[in-house]
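This report covers the core, the aromatic pairs and the surface of one protein model. The sequence and structure come first.

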Amino acid sequence: MNVAWGILMAAIGLFMLFCGTTQSEFVIYRLMVNRSKGLWGKSVHQFYQASGLAVLVLGVLWASGIIWT
(Lines give C-alpha, C1' and ligand atoms only; values in the text may rest on other atoms or scores of the structure.)
Protein backbone atom coordinates (compact mmCIF):
# COMPACT_ATOMS: atom_id res chain seq x y z
CA MET A 1 0.00 0.00 0.00
CA ASN A 2 2.93 2.33 0.64
CA VAL A 3 3.90 2.05 -3.03
CA ALA A 4 0.51 3.33 -4.19
CA TRP A 5 0.48 6.24 -1.74
CA GLY A 6 4.09 7.08 -2.55
CA ILE A 7 3.34 7.19 -6.28
CA LEU A 8 0.29 9.38 -5.66
CA MET A 9 2.37 11.69 -3.46
CA ALA A 10 5.10 11.89 -6.12
CA ALA A 11 2.50 12.70 -8.78
CA ILE A 12 1.11 15.54 -6.68
CA GLY A 13 4.62 16.87 -6.12
CA LEU A 14 5.33 16.69 -9.85
CA PHE A 15 2.09 18.59 -10.53
CA MET A 16 3.04 21.32 -8.07
CA LEU A 17 6.58 21.56 -9.47
CA PHE A 18 5.40 21.71 -13.08
CA CYS A 19 2.66 24.25 -12.43
CA GLY A 20 4.96 26.42 -10.32
CA THR A 21 7.60 26.42 -13.04
CA THR A 22 5.21 27.24 -15.89
CA GLN A 23 2.97 29.51 -13.76
CA SER A 24 0.06 27.48 -15.05
CA GLU A 25 -3.50 28.73 -15.48
CA PHE A 26 -4.96 25.34 -14.47
CA VAL A 27 -8.01 25.83 -12.24
CA ILE A 28 -6.81 23.82 -9.24
CA TYR A 29 -3.38 25.46 -9.32
CA ARG A 30 -4.92 28.95 -9.59
CA LEU A 31 -7.07 28.20 -6.52
CA MET A 32 -3.98 27.12 -4.57
CA VAL A 33 -2.05 30.21 -5.72
CA ASN A 34 -4.85 32.60 -4.78
CA ARG A 35 -5.05 30.97 -1.36
CA SER A 36 -1.28 31.26 -0.78
CA LYS A 37 -0.70 34.68 -2.31
CA GLY A 38 -1.52 36.51 0.93
CA LEU A 39 1.39 34.87 2.73
CA TRP A 40 3.93 34.42 -0.09
CA GLY A 41 3.19 37.44 -2.30
CA LYS A 42 5.09 37.51 -5.59
CA SER A 43 7.21 34.48 -4.71
CA VAL A 44 4.22 32.14 -4.53
CA HIS A 45 5.31 30.26 -7.67
CA GLN A 46 8.79 29.68 -6.23
CA PHE A 47 7.12 28.37 -3.07
CA TYR A 48 5.19 25.82 -5.14
CA GLN A 49 8.33 24.84 -7.01
CA ALA A 50 10.24 24.19 -3.77
CA SER A 51 7.39 22.46 -1.98
CA GLY A 52 6.54 20.42 -5.09
CA LEU A 53 10.13 19.22 -5.32
CA ALA A 54 10.10 18.27 -1.63
CA VAL A 55 6.81 16.36 -1.97
CA LEU A 56 8.08 14.64 -5.12
CA VAL A 57 11.28 13.46 -3.43
CA LEU A 58 9.45 12.26 -0.32
CA GLY A 59 6.90 10.42 -2.47
CA VAL A 60 9.62 8.63 -4.40
CA LEU A 61 11.40 7.70 -1.17
CA TRP A 62 8.16 6.44 0.34
CA ALA A 63 7.24 4.41 -2.75
CA SER A 64 10.69 2.84 -2.89
CA GLY A 65 10.53 1.79 0.75
CA ILE A 66 13.45 3.90 1.95
CA ILE A 67 11.20 5.80 4.36
CA TRP A 68 7.95 4.56 5.85
CA THR A 69 5.46 5.54 8.49
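Contact here means heavy atoms within 4.5 Å. By that criterion, and not counting residues up to four places away in sequence, Val-44 touches Val-33, Ser-36 and Lys-37. This is a predicted model, in which local features need pLDDT of at least 70 and side-chain atom pairs count only at pLDDT 80 or more, while totals for chains, interfaces and linings use all residues. Residues are numbered from 1 along each chain as its sequence is written, and side-chain values use heavy atoms, with hydrogens and water left out.

**Core**

Val-44 and Val-33 also belong to the largest nonpolar core, which has 6 residues in all; the others are Met-16, Cys-19, Tyr-29 and Tyr-48. Two or more residues of this core come from each of helix H1 (2-22), helix H2 (27-40) and helix H3 (44-64). Helices are DSSP runs (H or I, at least four residues), numbered from the N terminus. A nonpolar core is a set of buried Ala, Val, Leu, Ile, Met, Phe, Trp, Tyr and Cys residues joined through side-chain atoms within 4.5 Å. Buried means under 20% relative accessible area, exposed over 50%, and partly exposed in between (1.4 Å probe, protein chains only).

**Aromatic pairs**

Rings of Phe, Tyr and Trp (its six-membered ring) pair if their centres lie within 6.5 Å; planes under 30 degrees apart count as stacked, over 60 as edge-to-face and the rest as tilted.

| Pair | Centre distance | Plane angle | Class |
|---|---|---|---|
| Tyr-29 and Tyr-48 | 5.6 Å | 70° | edge-to-face |
| Trp-40 and Phe-47 | 4.5 Å | 15° | stacked |

Because Tyr-29 lies in helix H2 and Tyr-48 in helix H3, their pair ties together parts that are 19 residues apart in sequence. Tyr-29 and Tyr-48 are both buried. Trp-40 is partly exposed at 38% relative accessibility, and Phe-47 is partly exposed at 26%. These four residues, Tyr-29, Trp-40, Phe-47 and Tyr-48, form one aromatic cluster.

**Surface**

Met-1, Trp-5, Leu-8 and Ile-12 form a nonpolar patch on the surface, together having about 460 Å² of accessible area. Such a patch joins nonpolar side chains (Val, Leu, Ile, Met, Phe, Trp, Tyr) within 5 Å, from residues with over 30% relative accessible area and no salt bridge. Areas come from the Shrake-Rupley method with a 1.4 Å probe. Met-1, in the segment before H1, is exposed at 71% relative accessible area.

The structure holds 1 salt bridge, defined as a side-chain nitrogen of Lys or Arg within 4 Å of a carboxyl oxygen of Asp or Glu. Glu-25 and Arg-30 form this bridge through their side chains (3.8 Å, N to O). Glu-25 is exposed, with a relative accessible area of 64%.

Notes: Patch = residues over 30% accessible without salt bridge, like charges linked within 9 Å, V, L, I, M, F, W, Y side chains within 5 Å.
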